[in-house]
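Please walk me through this structure in the viewer. Tell me what to select at each stop and what is found there.

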Amino acid sequence: MISNLPIQLTVEKKKKSGKVIELPGTANTFVLCIGAGNFMNRVVDGKDKWIINAETTQIAKKVLRERLRLKLKPEFIICNISGNNFDLIDFRQFLQDTKGCEDIPLFVYTDFLTVEVRWELQKTGGIDDLITASITPEAFAEKLKTARRIRELSKKASTNSASLRRSSKYYINYFFKRTLDIAVAGTALLLLSPVFLLVAILIRLESKGPIFYISHRAGNGYKIFDFYKFRTMVVNADKLVSQLSHLNQYDATGKDPVFFKVSNDPRVTRLGAFLRNTSLDELPQLLNVVLGHMSLVGNRPLPLYEAATLTTDDYAGRFLAPAGITGLWQIKKRGQKNMSVKERINLDISYAENNSVLYDMWILANTPNALIQKDNV
């Protein structure tokens with residue numbers, strides 16, 4: 001593998017083993033690895049896959065500029081942060097500002113994922129997913145598929161939004177909705193700060209792990225943001241989803257979009273169950289509202305693996321509405337185990353088509369009755 005690659009390339013080289021390949025001069029498709037690439041055989045399953053390895057992000061930028069001049073760009077980029085201190089914020093900004101790079105999936109690899117590393121990467125943003133030494137080519141292929149689909153939909157939504165003529169009614173509604181969001185969420189954060197402190201202490205006393213659960217969610221126009229909740233499950237609960245798939249109360253046969261919810265979920269801690277039943281675990285989303293990621297009322301932001309399945313015209317309409325803490329389906333169907341995927345999506349689409357400040361206030365007024373769930377779902 002070559003590091004610190006020259007910009008002008010005159011010789012193509014390929015290892016006989018075929019897995020990790022040195023920089024090609026004319027390859028039409030390739031992947032870009034930043035940092036040591038000794039893990040690449042865990043994610044690349046193609047014998048003819050070309051891999052360009054750059055030692056630093058600065059060299060990676062030069063390689064990308066060179067390739068883009070030839071109208072070539074990588075299928076994806078992986079940055080190996082193990083033992084390295086890359087300026088990922090600067091590199092992410094470069095990708096966003098460079099024409100042709102906006103839709104390239106960006107992954108981060110680390111040998112050991114600590115809480116501190118996860119927090120740091122969450123603040124960076126713009127990263128499609130984290131991968132570790134346990135990754136397999138099959139698992140990575142699924143992550144790559146989801147990342148591509150989300151980026152494609154996000155780009156399509158942005159294009160449609162830019163070309164859409166907004167009426168004066170839209171801007172008036174947006175102004176009052178945003179004003180209401182900031183006023184209510186800001187005041188609530190201030191008044192509830194003692195509750196935040198108490199819940200944080202109780203979570204730490206009950207189990208080891210982070211106080212907050214932070215995940216990537218897809219909101220309005222498939223835009224991805226960091227979603228905050230108090231942690232209510234055991235650490236690494238996401239990794240147990242496949243083991244509990246047989247308990248999923250939604251249809252998991254592949255006929256419908258993928259949603260995952262388990263009644264009496266064994267991953268939920270005792271304190272977590274209380275926080276969920278009282279909806280106290282949702283309080284950190286007030287920060288998402290102040291930051292503009294979400295609104296007080298809207299459609300639930302979805303995990304990326306769920307959003308990637310809602311791509312047809314029948315479903316995509318739900319993403320025209322802002323993401324929200326509470327919404328129409330929460331007050332209509334919350335706690336009901338027999339709610340189908342179709343019912344849930346139809347309620348989301350209904351809100352997207354009819355949302356207004358007055359409608360939001362009606363939903364907010366009815367939310368308290370839905371806070372106490374009848375079932376542990």
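Start by selecting Ser-279, in the loop between H7 and helix H8 (285–291). In this predicted model, Ser-279 has a relative accessible area of 9%, so the residue is buried; the cut-off for that class is under 20%. Look at the backbone here as well: phi of Ser-279 is near 65 degrees, a positive value in a residue other than glycine.

Are Arg-300 and Glu-282 buried or exposed? Both are buried.

Next, select Arg-318 and Asp-348. These two side chains also form a salt bridge, with 2.8 Å from N to O. The pair links distant parts of the chain, 30 residues apart: Arg-318 sits in the loop between helix H10 (313–316) and strand S10 (324–326), and Asp-348 sits in helix H12 (residues 341–354). Arg-318 is buried, and Asp-348 is too.

A further salt bridge is found between the side chains of Asp-103 and Lys-73, at 3.0 Å from N to O. Asp-103 is in the loop between H2 and strand S4 (106–109), while Lys-73 is in the loop between H1 and S3, so the pair ties together parts that are 30 residues apart in sequence. Asp-103 counts as partly exposed because its relative accessibility is 26%. Lys-73 counts as partly exposed as well, at 35%. In total the structure holds nine salt bridges.

Remain in the loop between H1 and strand S3 (77–80) and select Lys-71, which is found there. Lys-71 is not a glycine, yet its phi is positive, at about 60 degrees. Is Lys-71 buried or exposed? Its relative accessible area is 76%, so Lys-71 is exposed; the cut-off for that class is over 50%.

Now turn to helix packing. Two packed helices are described by the angle between their axes and the distance between the axes. Select helix H1 (residues 57–69) and helix H2 (residues 88–97): their axes are 10 Å apart and the packing angle is about 10 degrees. H1 and H2 are therefore roughly parallel to each other, a term used for angles under 35 degrees. To show the contact, display Thr-57, Gln-58, Ala-60, Lys-61, Leu-64 and Arg-65 on the H1 side, which meet Asp-90, Phe-91, Phe-94 and Leu-95 on the H2 side.

On H6 the contact is made by Val-199, Leu-202, Ile-203 and Glu-206, and on H7 by Arg-270, Leu-271, Gly-272 and Leu-275.

Next, show the surface over Leu-197, Leu-198, Ile-201, Leu-202 and Leu-205. These residues make a nonpolar surface patch of about 500 Å². One of them, Leu-205, is in helix H6 (residues 193–206). With a relative accessible area of 67%, Leu-205 is exposed.

Then select Leu-358, which lies in helix H13 (residues 357–371). Leu-358 counts as exposed, at 70% relative accessibility.

Finally, zoom out to the whole chain. The chain has 13 helices and 10 strands. Of its 377 residues, 46% are buried. Among the contacts with a separation of 6 or more, 69% are between residues 24 or more positions apart. The accessible surface of the chain comes to about 19900 Å², and 57% of that belongs to carbon and sulfur atoms.

Methods: Residues numbered from 1 in each chain as written. Predicted model: local features only at pLDDT ≥ 70, side-chain atom pairs only at ≥ 80, totals over all residues. Heavy atoms only, no water. Patch = residues over 30% accessible without salt bridge, like charges linked within 9 Å, V, L, I, M, F, W, Y side chains within 5 Å. Areas by Shrake-Rupley, 256 points an atom, 1.4 Å probe, with all protein chains shown as cover. Salt bridge = Lys/Arg side-chain N within 4 Å of Asp/Glu carboxyl O. Helix = DSSP H or I, 4+ residues; strand = E, 2+ residues; numbered from the N terminus. Buried < 20%, exposed > 50% of the residue type's maximum accessible area, 1.4 Å probe, protein only. Axes fitted to C-alpha atoms, helices over the stretch in contact; angles between N-to-C directions. Parallel < 35°, antiparallel > 145°, perpendicular 65-115°, else oblique. Contact = heavy atoms within 4.5 Å.
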